[in-house]
Amino acid sequence: MTPTALADGIRLADPAPHDLVLPAHRVRSNIPEDQLPRFRDLTWRLSCMTHKDTVKPEIVNWARCPEPLRASLMRVGWAVMNIPAPEVLLRETASRKVMSPRALRLTFSFWIDFADWLVKRGITELAAVTGEDLGEYAEHIRTYGRSWDHDQRAAKTLTRIWGYAPFLLPQDRLVMPPWEDPAAVMSDFLGTKDTPSDGENNIPIVHPAVMSPLLVWSLRMVLDLGPDILAAWRERRRLLDRTREASPRGDSQVVVDYLRGLIAQGKPLPGFSGFQEDAIKASVRSRGGKGILPSLNRQFIAGTLGVHADQVTVAQRRLRHELEPHHFGLDAPLDVPITSRIADRPWTDSLDFDEITFLVLHLSTASLITTAYLSGMRPEEVLHLTRGCCTREEREDGTSRYKITGRHFKGVTDDEGNAIPEGEIRPDPWVVLEFVARSIAVVEELESGDLLFSRSFSRGHRPSAEGGDAVPSDMATKRIASFIAWANQQAIRHDRPHELIPEDPEGPVVLRRFRRTIAWFIHRQPGGRIALGVQFGHAATLIGESYAGRSKADMLELLDFEKGLALADALAEARERIADGESVSGPAAGRYISAAAEFENRYAGTYLGKRELRALVKNPKLQVYEDPKAFLTCNFDAFKALCDPDLELGQSNTGRRRTPDRTRCQLACPNISRTDSHIASIQAEVDKIDADAAAGLDPYPIARREQQRRAVFVEIIERHQSSAIPGSPSSEKTR
């Protein structure tokens, strides 16, 4: 039992040196008690309370805390973890009875900074701190230049010490911070907040120019190259299993005969791929080795012959006077056929015994990218998927549907509002594409345990000290970066520059950006709002659009961003068409030319960031939307749009932003313009109709309807030829 002082019937926090710091009911079950921190330890591994398999170290080092205040703050830290939060703290909307390991680490870090500040002012006891001191400390933390929200969190951690005062020793108590006075507000101490928080999710999407080739290479890796890599992986494991079998003494002669046979046939001896050979040579040189021969791939040879690897060493020693550097090869190719191709040639010449470990890691990463991106799962959700999570459902209409059942963590709380650390099985499975199901099938074959995405493929892998074995997000980021580098090497090797993955302007490609990106793409499609809400598991499309689960947020900022990109694409295309000398026809021809000219003058050749894209969205003169299926461009003006039902009813609401409704596009709309490119596409459609009519294969109703379409198209072509405006600036007109 923890010894404590007694005051007014309340046991005060005063743990003994040997007492455990972490409450037993919160500790992960597979961590032995002798590995748990005691109060006397200056290092507390808080992540022992993390129940996710993606656990990352959360450590507080009390040695950083000034010694005069160290014991006090350690006692307060013990109290925060072992005593439920007092009611006065629970009145704060963001406070919970139980703090997460990450929140505890940040809180203790803020306390240590506060202790540094106090000691420099000559204050060595928490009870000696005054309200004026706390007000001055709030002024001090503003000088760090961090965000207002960050400074508020730092200040609020001191409120937590004050809130626990009834459970602390007298010398450990803190006076009520002045910002907790009912008549005060935090801005009185930290200044006015520059950018009020509106709940917007600020995670940037992966740029489409990055995401598209990244998805291409991920799918290629899983669907095309995956079978070859899996076959090589199985062969490697078979060879390794043979090396573990008992080998009688004298088997070195088998190895000697094998090596001499290869030399006699002029075949290279199995060695290591270039980067490993360089490392081996460097290691030998560092020990003063001279006359170095390349190394034999002992495991490969042992597995091939069914002997122990030590017998290969003995054989090499016996042949040391016969071997020459030119006898050694640079790899140890596995005996598996190469069946997959990139374009018109095999994707690789052979698969090496050691290189396959890197290819397997890339294959697992490609499966992770495919699964995370195409499912829309949060990172923790996809990283906790286990074997058998994906099932196939045969439907009555003959189609198949793939479902994934797994854990989710966000918003999973108990009756008191505390987060349930291990999460829970998501009530509604994720419905995914077949690509995702095939990706999961790949990693199910790769992994030997239950987790689909484990740390096991990392070089030098050893179990996490905190007990989790799933890939944490930071490791996933490194794997994605490595996969991108490998994919770019393959793109260069196979002369496919259009498939190079460029560097993302927003920084590294991390897992949490995939969910944001797929939402961006989904929302651009017809019915995207509904699909977004259904796939992301939210009850309302409004919250589905924000999908970060923040009740104040909708997707307006994100939509402005994607709408700005779409407008930029359409305007850039308009600028190129006019620069190529194309003519423009239609009621909005003048507006189309003017929009292209304004875009050229203001934005051409510049980087379009969020600010510039927002300006595009708000500029009524630049509302240009391509509609390839209708063979036209919509120069959208809400007051003229015939696709707007409110306009037809005389109820146009200028306060609501609009975009064209492509399902209601009407040929008489004054917002339409067409360029020579559109007319060329229309002419191609007319030619196709004529070819189908000459073949005579269409039923009469379809043939009649196609002829009606042809008549409309011919009229559009003739009108364009007679009334088109040259796109040059000198001929620009406004209609």
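Predicted model: local features only at pLDDT ≥ 70, side-chain atom pairs only at ≥ 80, totals over all residues.
When I call a residue buried, I mean that its relative accessible area is under 20%, whereas exposed means over 50% and partly exposed lies in between, with a 1.4 Å probe and protein chains only. By that rule, buried residues make up 46% of the 735 residues in the protein chain.

Residues are numbered from 1 along each chain as its sequence is written, and side-chain values use heavy atoms, with hydrogens and water left out.

The protein chain has 24 helices and 16 strands, where helices (H or I, at least four residues) and strands (E, at least two) are DSSP runs numbered from the N terminus. If we take contact to mean heavy atoms within 4.5 Å, then among contacts between residues at least 6 apart in sequence, 68% join residues at least 24 apart.

Let me start with helix α1, residues 67-82. This helix has 16 residues and reaches 23 Å from its first C-alpha to its last, close to the 22 Å expected at 1.5 Å a residue, the expected span being 1.5 Å times one less than the number of residues. Twelve of the 16 residues are buried, so α1 is largely enclosed by the rest of the structure. Among those buried residues are Arg-70, Arg-75 and Trp-78, and what covers the buried residues includes β3 (43-45), α3 (101-120) and α5 (148-163).

Now to the nonpolar cores, by which I mean sets of buried Ala, Val, Leu, Ile, Met, Phe, Trp, Tyr and Cys residues joined through side-chain atoms within 4.5 Å. In the largest core, which has 82 residues, Leu-214, Ile-229, Ile-404, Trp-486 and Phe-514 touch the most other members, and helix α7 (residues 208-243) gives the most to this core, with 16 residues. Leaving aside neighbours within four places in sequence, Ile-229 is in contact with Met-221, Trp-347, Ile-356, Leu-359, Val-360 and Leu-363. There is also a second, separate core of 55 residues, which includes Leu-22, Cys-65, Leu-89 and Ile-141.

Turning to aromatic rings, I count Phe, Tyr and Trp (its six-membered ring) as paired if their centres lie within 6.5 Å, with planes under 30 degrees apart called stacked, over 60 edge-to-face and the rest tilted. By this rule the count comes to 15 aromatic pairs. One of them is Phe-114 with Tyr-137, an edge-to-face pair at 4.8 Å centre to centre and 70 degrees between the planes, which links helix α3 to helix α4 (residues 131-142) across 23 residues of sequence. Phe-114 is buried at a relative accessible area of 1%, and Tyr-137 counts as buried at 3%.

Another edge-to-face pair is Trp-217 with Trp-486, at 6.2 Å centre to centre and 80 degrees between the planes.

What about the sheets? I take two strands as paired if DSSP finds at least two bridges between them. Five bridges join β7 (residues 390-394) to β8 (residues 400-404), and three join β8 to β11. Lys-403 in β8 is the bridge partner of Thr-391, and Val-431 in β11 is in turn the bridge partner of Lys-403. In the hairpin of β7 and β8, with five residues between the strands, Gly-398 takes a positive phi near 90 degrees.

The other sheet I want to show is also open, with five strands in the order β13-β14-β15-β12-β16 and antiparallel pairing. Its edge strands are β13 (624-627) and β16 (725-726), each of which pairs on one side only. Two bridges join β12 (residues 583-585) to β16, and Val-584 has Ile-725 as its bridge partner in β16.
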